[in-house]
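Subject: Structure handover

Hello,

Here is the structure for you to look through.

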Amino acid sequence: MSKQAILEKIVSGGVVAVVRAQSEDQAVRIAEACVQGGIAAIEITFTVPGAPAVIAALSARFSAAPLLIGAGTVLDATAADAAIAAGARFLVGPNFAPEVALRAAAADVPYLPGTLTPTEMAAAIAAGCTHLKLFPGSAFGPSYVKAVKGPFPHVEIMPTGGVSLENVGEWIKAGVFAVGVGSELTGPAKTGDYAGVERLAREFVTAVRDARGGRP
């Protein structure tokens with residue numbers, strides 16, 4: 001799958017589940033719940049124990065499923081190389097790391113760097129990043145996206161941190177291409193309630209679709 005096709009799938013789905021599991025088994029069960037709930041992309045963070053192995057296992061398990069497995073908290077070239085080798089379809093970071101951008105470009109996979117200020121966004125754009133993660137989204141809220149799109153009309157933004165069922169519609173209407181959702185989605189897994197994760201996944205997917213006027 002090409003870089004453009006991966007980005008299109010993320011945009012179409014509108015929700016990226018940010019998974020910070022305690023084990024491979026928990027990550028797999030969260031992934032299964034997200035698939036059943038209609039989510040098209042999952043970000044396995046490098047804070048998960050043995051993250052590359054988890055990414056590889058999930059990539060193999062869901063190779064025939066409509067699910068993209070990506071890597072999150074990718075801070076440097078070493079992590080980027082490990083994630084790409086494990087089969088990650090996209091890379092996400094809490095910051096912008098030029099060396100990660102280079103690795104992602106060489107592998108033809110999307111890199112969504114974490115940015116907050118216009119200066120950080122400009123640096124990421126100059127490095128070839130077209131889709132940026134706004135982190136933490138809770139720092140400013142949906143109105144910030146509208147302000148940023150004034151000087152950066154072509155940049156695509158995905159907020160992570162501070163996205164909830166209560167405000168996801170506001171984010172979408174502000175012009176974001178997708179939302180990254182962590183504990184607000186995966187929280188029930190902490191108590192083994194994977195049906196709860198599936199339910200929340202469906203609710204987030206529905207909320208995004210409704211905010212888009214019924215479009216996927």
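**Overall fold**

The protein chain has ten helices and nine strands; these are DSSP runs numbered from the N terminus, with helices (H or I) of at least four residues and strands (E) of at least two. Its radius of gyration is 16 Å, close to the 17 Å that the globule rule gives for 216 residues, so the chain is as compact as a globular protein of that length. That radius is taken over C-alpha atoms, and the rule is 2.2 Å times the number of residues to the power 0.38. The C-alpha atoms fill a box of roughly 45 × 40 × 30 Å along the principal axes.

This is a predicted model: local features need pLDDT of at least 70, side-chain atom pairs count only at pLDDT 80 or more, and totals for chains, interfaces and linings use all residues. Residues are numbered from 1 along each chain as its sequence is written, and side-chain values use heavy atoms, with hydrogens and water left out.

Of the 216 residues, 51% are buried (under 20% relative accessible area; exposed is over 50%, partly exposed in between; 1.4 Å probe, protein chains only). Take the contacts (heavy atoms within 4.5 Å) between residues at least 6 apart in sequence: 60% of them join residues at least 24 apart.

**Cores**

The largest nonpolar core has 67 residues. A core here is a set of buried Ala, Val, Leu, Ile, Met, Phe, Trp, Tyr and Cys residues joined through side-chain atoms within 4.5 Å. Ile42, Ile44, Leu91, Tyr111, Val179 and Leu185 have the most contacts inside it. Helix H10 (residues 194-211) gives the most to this core, nine residues. Apart from it lies another core of twelve residues, including Phe90 and Met158.

Beyond four places in sequence, Tyr111 contacts residues including Leu91, Phe96, Val100, Cys129 and His131.

**Helix pair H2 and H3**

The axes of H2 (residues 24-36) and H3 (residues 51-61) come within 10 Å and cross at roughly 40°. Axes are lines fitted to C-alpha atoms over the stretch in contact, and angles run from 0 to 180 degrees between N-to-C directions. Glu24, Ala27, Val28, Ala31 and Glu32 of H2 meet Val54, Ala57, Leu58 and Arg61 of H3.

**Threonine 160**

Thr160 is in the loop between strand E8 (156-159) and helix H8 (168-174). Its relative accessibility is 9%, so Thr160 counts as buried. Leaving out residues up to four places away, Thr160 touches Val18, Lys133, Leu134, Phe135, Pro136, Gly137 and Gly180.

Best wishes
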